[in-house]
Amino acid sequence: MHGLFKWSSKWWPGVIPLVVLWGIAAWTSTATVEADLAARSNAALKDTVLDKRRIGVDGRDVTFAANAFSEDGRLSAVASVEAVPGVRLVNDETRLVPEAKPFVWSAERDVVRVTLGGNAPLPSSKSKLAEAAKANLGGVEVVDQMALARGAPSRFDTAALLLLDQIGKLKEGKITLTDNKVNLAGMARELGGREAVAAALKNLPEGYSIAANDIKAPPYVFQAYKDPVAVTLTLTGYVPDNNVHAALVAAAGRKFFSEKVVDNLKASLGAPSGFAAAVVPALGALSRLSTGTLVVSDREVKLSGDALYDAAAGQIRDGLGKDFPQGWQYKAEVTVKPAAAPVDPTVCQQLFSEILSKGKIRFESGKADIVADSAGLLDRLIETAMRCPNATIEVAGHTDSDGEEAANQALSERRAQAVVDYLVRAGLPANRFTPIGYGSTQPLAGNENEDGKAQNRRIEFVVK
């Protein structure tokens with residue numbers, strides 16, 4: 001007996017490695033089976049639309065958790081896992097995605113980002129909307145806060161993609177789809193954007209409707225800047241149409257006798273009523289400034305800059321709104337530029353000749369009434385006359401040869417006198433000016449054509 005005990009005590013330690021090896025083999029075999037069942041279960045579900053899918057395997061028992069988008073889809077998914085060869089039991093932990101009542105989706109834009117919120121009916125819808133936002137909104141940051149939910153109206157994707165496209169037309173705002181009702185609020189990015197959004201909404205799928213549309217247009221802005229250094233008048237902003245565009249550029253060309261007109265205007269919808277009727281006289285006021293800025297925003301006109309002399313500043317401030325249509329507001333911030341240094345009569349004559357070589361004092365046809373377009377030119381002549389206070393000046397009127405000689409003589413005299421009267425109203429002494437009419441006796445060009453006649457109809461300043 002004692003010998004048997006001695007013999008057994010020598011072999012039982014060798015059993016331990018065998019047990020360990022058996023355990024490892026059993027575990028390896030089980031792990032391989034579980035991994036295989038998990039892979040085959042996932043493969044069986046590859047064409048099934050689910051959210052938060054999770055497969056766990058214990059031996060040959062599978063725990064299947066997921067959120068399904070319909071009861072039929074949920075049951076079909078469970079059946080697919082149950083049908084996987086080798087699966088003994090399926091522990092069903094699936095459930096339905098929550099239903100949203102009402103079903104709300106939104107897209108909101110601020111200065112730097114677009115936030116997608118509310119609900120999407122499927123993962124593919126969620127991805128499609130996020131990708132469309134990133135692709136179509138010009139690099140704007142897209143924040144996806146959409147949750148998945150059941151209950152979306154029919155053709156949700158089509159409607160949401162169309163609405164998302166409208167976000168690109170907004171500077172800021174929010175579009176909300178509640179079931180099949182659309183609410184919009186915000187500010188259009190450009191003039192015409194509000195109208196473009198309204199036109200696009202006509203293509204919403206059948207059954208969808210607009211509950212509220214509070215998209216506002218940006219201010220309708222027209223600007224003009226007179227730069228004495230570059231000798232330019234720069235026009236920017238918007239005009240209602242091509243006809244008004246051409247009319248304003250032509251008016252600027254008449255009123256600004258020496259400046260080059262830089263035309264950066266664009267035609268767009270949204271102009272206030274009476275737009276051209278307000279802008280034309282406002283440009284006339286700007287033409288009287290040495291340097292200045294005109295801003296027309298909706299029905300408000302703001303003029304700022306430096307007049308050439310004191311009386312001009314008062315006239316501009318007092319007269320700015322007189323010709324505006326009813327309902328228009330205006331504000332004039334006009335100061336007076338520092339007086340230029342005095343010059344001798346010879347330089348004074350050179351300055352007069354230079355000014356009148358660039359522009360002409362205009363009159364109503366056959367009359368001695370000075371056209372308002374000449375105000376800027378006359379102000380420049382007045383400023384020059386102030387620089388040579390001791391010089392006496394002849395204001396000479398000339399006509400073309402059309403009509404009777406006596407009538408032309410009288411007309412030239414009346415026009416010369418009208419100019420002198422204008423100078424005196426500006427504060428210059430009347431005894432410094434002598435109006436003289438020469439009729440058609442001193443032509444600069446032939447009177448055979450309109451160009452020659454236009455050159456001959458003129459006012460000259462002659463320093464004595």
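Ala, Val, Leu, Ile, Met, Phe, Trp, Tyr, Cys and Pro count here as nonpolar, Asp, Glu, Lys and Arg as charged, and the others, Gly among them, as polar. The model is predicted, so local features need pLDDT of at least 70 and side-chain atom pairs count only at pLDDT 80 or more, while totals for chains, interfaces and linings use all residues. Residues are numbered from 1 along each chain as its sequence is written, and side-chain values use heavy atoms, with hydrogens and water left out.

**Exercise 1. Describe the largest cavity and its lining.**

Step 1. On a 1 Å grid over the protein atoms alone, a cavity is a set of points where a 1.4 Å probe fits but cannot get out, and a pocket is an open set with protein on both sides within 12 Å along at least five of seven lines; lining residues have an atom within 4 Å of a point. Grid points are joined across faces, edges and corners, and a volume is the space filled by probe spheres set on the points.

Step 2. Count and size. One cavity of 30 Å³ or more is found, and the largest cavity holds about 30 Å³ of space.

Step 3. List the lining. It consists of K226, K255, F256, F257, S258, E259, S287, G376, L377 and R380. By class, these are three nonpolar, three polar and four charged residues.

Step 4. Helices (H or I, at least four residues) and strands (E, at least two) are DSSP runs, numbered from the N terminus. Helix 11 (residues 375–387) gives the most to this lining, with three residues. Domain bounds come from an automatic or database domain assignment; domain 3 (221–336) and domain 4 (345–463) each supply at least three residues of the cavity lining.

**Exercise 2. Where does the largest pocket lie, and what lines it?**

Step 1. The volume of the largest pocket is about 500 Å³. Of its 17 lining residues, R288, G319, D323, A372 and A375 are the closest to the centre.

Step 2. The lining has nine nonpolar, four polar and four charged residues. Helix 8 and helix 9 (310–319) supply at least two residues each.

Step 3. Because domain 3 and domain 4 both give residues to the lining, the largest pocket lies between them.

**Exercise 3. Work out how Y220, F222, Y238 and F275 are arranged.**

Step 1. Rings of Phe, Tyr and Trp (its six-membered ring) pair if their centres lie within 6.5 Å; planes under 30 degrees apart count as stacked, over 60 as edge-to-face and the rest as tilted. The whole structure has seven aromatic pairs.

Step 2. The ring centres of Y220 and Y238 are 6.1 Å apart and the planes stand at 50°, so this pair is tilted. Y220 lies in the loop between strand 11 (209–216) and strand 12 (221–227) and Y238 in strand 13 (residues 232–239), so the pair ties together parts 18 residues apart in sequence.

Step 3. Buried means under 20% relative accessible area, exposed over 50%, partly exposed in between (1.4 Å probe, protein chains only). Y220 is buried at 0%, whereas Y238 is partly exposed at 24%.

Step 4. The ring centres of F222 and F275 are 6.0 Å apart with planes at 80°, so this pair is edge-to-face. F222 lies in strand 12 and F275 in helix 8 (residues 275–287), so the pair ties together parts 53 residues apart in sequence. Both F222 and F275 are buried.

Step 5. Y220, F222, Y238 and F275 form one aromatic cluster.
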